[in-house]
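Morning, everyone. Please bring up the model on your screens, and we'll walk through it together.

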Amino acid sequence: MPRVILTGSIQQHVGGLGAVEIGGDTAGAVVSALEAAYPPLRGWVVDERGTLRRHVKLFLRGRAVGLDAVLGHDDELHIVAAISGG
Amino acid sequence: MGELLVGTRKGLFVLRKPRGGGGKGAFEIAARAFPGEVVEFAMRDRRSGRYLAGVTHGQFGPHLFYADDPTGAWQQAEGPAFPTSLNAAVERIWVIEPGVGDGELWCGVAPAALFRSGDGGKTWALVQALWDVPERAQWNPGAGGMCLNAICPWPGDRNRLAVSISAGGVWLTDDGGNSWRRGVKGLVPRYLPEEARADTHAHCVHHIERAPQQPSTLYMQFHGGVYRSDDAGESWIDIGTDRGLPSDFGFPLAIDVHDPNRAFVIPLTSDMDRVTPGGKVRVYETRDRGGSWRALEEGLPQSKAYLTVLRQAFCTDGANPLGLYFGVQSGEVFGSADGGRSWRTIAARLPPVVSMRCA
């Protein structure tokens, strides 16, 4: 089952966990499953359209990917706050 | 209650008068919530005592929170969020306003939309009829985004509401939000070519306030113009030209909830120079429905002070004498406990102030 690694500022919405194993064959499916398991996370990674927030990045095997990235059983998906802001 | 909620670019500051008095007008920072995040708006629903805040995280977007104690833990609300079918997303929470019904609250967001809560702010639903008005296609976003920035309920009548949109004009409902009509007659959008003004739908309304003692009276700070309505927002009368204001451009506007003839504005130099005119910080007051304005300046900086005040960053406490408070982009908060006659700096060196409400 893929493992999701969450950046610190959103761990509070998944019970304080830094990593969660959750089913899904794409990054988008994993994020959806994560939201279903942890409703307070809704709206933080993707907006209500299901679009990845502009300043959130997903990394898979060391590369930035989109929600359509295909995940293998042993993959780790990192959800990261992009370098931005003021 | 001697508590101010100051939304800033770097968190919510809860300012309180110390127990036992302290100096006249002194406040201390009782709490800072949402550190590092933009608190666009924070208020307290005086009916329930509940606090609500619209917070935009730089990476993770806008969210609405509520708490019974602003110095403790905040809970995340469900919404406001658009139904998936609309393919729209909330960009920013601009205003939260108590309604008339039990537990009723209204919330204005960008892109310009109105949400309603019937449970004190825990859950929110889109007011679909305002989203569906066909004129929406002709609205224009201002520099801050296309925002629904002010909500004016009608005391005692939950069906009547006025809202303002930048730039989409004033919209009125008499049936609790099921149908809407525009209220822009008399507004002159000088920022458009003359030949384009009559047919435009892009009326850039910066703020409106309703006089609760006389609900048919509303005041407006427009994008170049100060106006009053005597017919509940259907039409507007110019009260900004040649009546004592140094400029009719500005963002915030406040009223005296006890006196429908009394309102306050904080003019900025112009559309192209959004600072206090001449380096002097002055609040202007009318006591005759906009017939004339006079400067209130005692205790405010009167030289080399080029400050910017945003539309949500000016409030009154509803007390008698009236308390007035405003925060500025350079991080000061100014307050008056005597209706504006004298002012003092009650906080300094905060992050840029976005909103200001008396709890």
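Let's start with a question: is Arg61 of chain A buried or exposed, and why? Arg61(A) counts as exposed, because it has 12 C-beta neighbours inside 10 Å. The cut-off for exposed is 12 or fewer. Keep in mind that this is a predicted model.

Stay on Arg61(A) for a moment. Find it in the loop between β3, residues 56-60, and β4, residues 63-65, of chain A. Its phi is positive, about 50 degrees, although Arg61(A) is not a glycine. For background, most residues other than glycine have a negative phi.

Now over to chain B. Asp242(B) also isn't a glycine, and its phi is positive, about 55 degrees. Where is Asp242(B) placed? Look in the loop between β19, residues 237-238, and β20, residues 249-256, of chain B. Asp242(B) is exposed, because 7 other C-beta atoms lie within 10 Å.

Next, the peptide bonds. In general, most peptide bonds are trans. One runs from Ala110(B) to Pro111(B), with omega near -5 degrees. Pro111(B) sits in the loop between β9, 105-110, and β10, 113-117, of chain B. Another joins Asn320(B) and Pro321(B), with omega about 5 degrees. For Pro321(B), go to the loop between β24, 314-316, and β25, 324-327, of chain B.

On to a hairpin. Zoom in on β12 of chain B, residues 147-154. How many of the residues of β12(B) are buried? The count is 8 of 8, so this strand is mostly covered. Its partner is β13 of chain B, residues 157-166. The two strands run antiparallel, and 7 bridges join them. Take one pair: Ala150(B) has Ser164(B) as its bridge partner in β13(B). Between the strands of this hairpin there are 2 residues. Gly156(B), in the hairpin, takes a positive phi near 85 degrees.

Last stop: where the chains meet. How many residues of chain A are in contact with chain B? On the chain A side there are 15, in contact with 11 residues of chain B. What is the make-up of the side of chain A that touches chain B? By class, that side has 6 nonpolar, 5 polar and 4 charged residues.

To recap, quickly. Arg61(A) and Asp242(B) each have a positive phi without being glycine.

Terms used
Residues numbered from 1 in each chain as written. Chains lettered and ligands numbered in written order. Predicted model: local features only at pLDDT ≥ 70, side-chain atom pairs only at ≥ 80, totals over all residues. Buried ≥ 20, exposed ≤ 12 C-beta atoms within 10 Å, placed from the backbone. Helix = DSSP H or I, 4+ residues; strand = E, 2+ residues; numbered from the N terminus. Pairing = 2+ DSSP bridges. Contact = placed C-beta atoms within 7 Å. Nonpolar A, V, L, I, M, F, W, Y, C, P; charged D, E, K, R; others polar.
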